[in-house]
Amino acid sequence: MIFLRVCSNSCFLFHETGIIVGAFSYFRPVIVFMKTVQRQWTTGDLSATPCLLTYVKCTFFMWYALPDVSRGNHLLFICNFVGFLFASIYIVTFLWLSPRVVVLKNVGAIFVAIAISTAHLVLPRAWLHGYERQLLCGLVAAGFSICTCWPSVKIIDSVMKTKNVEFMSFSASISMFLNGSLWFVFGLHGLDPFVMLPNGFTSVLGALQVILYLVYRNNKSEAERKKKIKYNSNDTIMKKNSK
C-alpha cells in the first residue's frame, strides 16, 4: 500500500515537472520577442508563423485531451492551454507592434489558424462518436505535432553540413529534449500512442541537437574565421611597418 502511494506521488510529481518544462518551452518565444521589442520597440525580423503553428498544435491537443474525446489527459490539457495562452499573447502583441504592411500579410494566416482550430473542435463532435472521435482527434494532433518539428530537422541538417552551431540554441535544445522525454513517458504511462509518438520524435530530435551542440560548440563560423584571419594579417602588417 505504501509502495503504491509512493509510486502515485512520484507519477504526479513527474507529470507536474512535465507541465513546468512544457510551459517553459512555450514561453521561450515570448522571451525572445520581448527582448527584441525592448531593444528597438518593433518586431524587427521576427515572424508570427512559429507561434501560429504552436497555437494550432496546442488547440489540437486541447481538443484531444477533453473528457468527451480521451480520458485521463487533464494534465495534457493544462500544458497545452498554457501554450495556447502564450501563443495568443505573442500573436496579439506581434500584430499590435508590427507595421500595417506586416499586419495585412499575417492577418489572413491568423484567421485560417483560428478557423482550422474551430473546425477541428466542432466537426468531430458533430459527425463522430466514441473511439472514432478519439482516433481522428489523436491522429490530427499527433500528425500536426510531428510536422511542426520540420524546422528542427532543417537546423540539424544545417549543423551537420556546416559543422557550426551558431544558429542553434543550447537552451532550446535541452528544453526540447526534456519536454519531449517527459511527455513521452506520460503517454507511455497511459498507453496513449497519440501522445507517445510525437513526443518521442521530439525527444529524439532534441537529443540530436544537444549532441551536435556538444560536438561542434567550439567550431567558429566562416565569418568569424575570416574576421580572425583578417585581424591577424593586419596585426602582422602593423608589426612589419613598425620595424
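1. Trp 127 counts as exposed, with a relative accessibility of 65%, where buried means under 20% relative accessible area, exposed over 50% and partly exposed in between, for a 1.4 Å probe and protein chains only. The residue is found in helix α4, residues 100-127; helices here are DSSP runs of H or I with at least four residues, strands are runs of E with at least two, and both are numbered from the N terminus. Together with Val 122 and Leu 123, Trp 127 makes a nonpolar surface patch of about 340 Å². Patches are made of residues with over 30% relative accessible area and no salt bridge, like charges being joined within 9 Å and nonpolar side chains (Val, Leu, Ile, Met, Phe, Trp, Tyr) within 5 Å. A salt bridge is a side-chain nitrogen of Lys or Arg within 4 Å of a carboxyl oxygen of Asp or Glu, and accessible areas come from the Shrake-Rupley method with a 1.4 Å probe, only the protein chains shown counting as cover for residues.

2. The model is predicted, so local features need pLDDT of at least 70 and side-chain atom pairs count only at pLDDT 80 or more, whereas totals for chains, interfaces and linings use all residues. Residues are numbered from 1 along each chain as its sequence is written, and side-chain values use heavy atoms, with hydrogens and water left out.

3. Helix α2 covers residues 49-65, and its 17 residues should span 24 Å at 1.5 Å a residue, which agrees with end C-alpha atoms that are 24 Å apart; the expected span is 1.5 Å times one less than the number of residues. This helix is mostly covered, since 13 of the 17 residues in α2 are buried.

4. The structure holds seven aromatic pairs, and in one of them the rings of Phe 60 and Phe 144 have their centres 5.4 Å apart and their planes at 80 degrees, so the pair is edge-to-face. Rings of Phe, Tyr and Trp (its six-membered ring) pair if their centres lie within 6.5 Å, and planes under 30 degrees apart count as stacked, over 60 as edge-to-face and the rest as tilted. Because Phe 60 lies in α2 and Phe 144 in α5 (residues 130-147), the pair ties together parts that are 84 residues apart in sequence. Phe 60 is buried at 4% relative accessible area, while Phe 144 is partly exposed at 22%. Tyr 55, Phe 77, Phe 81 and Phe 84 form one aromatic cluster.

5. For α7 (170-189), the 20 residues should span 28 Å at 1.5 Å a residue, and the end C-alpha atoms are 29 Å apart, which agrees. The buried residues of α7 include Met 176, Leu 182, Trp 183 and Phe 186.

6. Two residues that are not glycines deserve a look for their backbone angles. Lys 163 has a positive phi of about 55 degrees, sits in the loop between α6 (150-162) and α7, and is partly exposed at 41% relative accessibility. Leu 191, with a positive phi of about 50 degrees, lies in the loop between α7 and α8 (193-216) and is exposed at 69%.

7. The structure holds zero disulfides, a disulfide being a pair of cysteine sulfur atoms within 2.5 Å. The sulfur of Cys 149 is 8.8 Å from the closest cysteine sulfur, in Cys 147, which is too far for a bond. Cys 149 is buried, with a relative accessible area of 7%, and Cys 137 is buried as well, at 0% relative accessibility.
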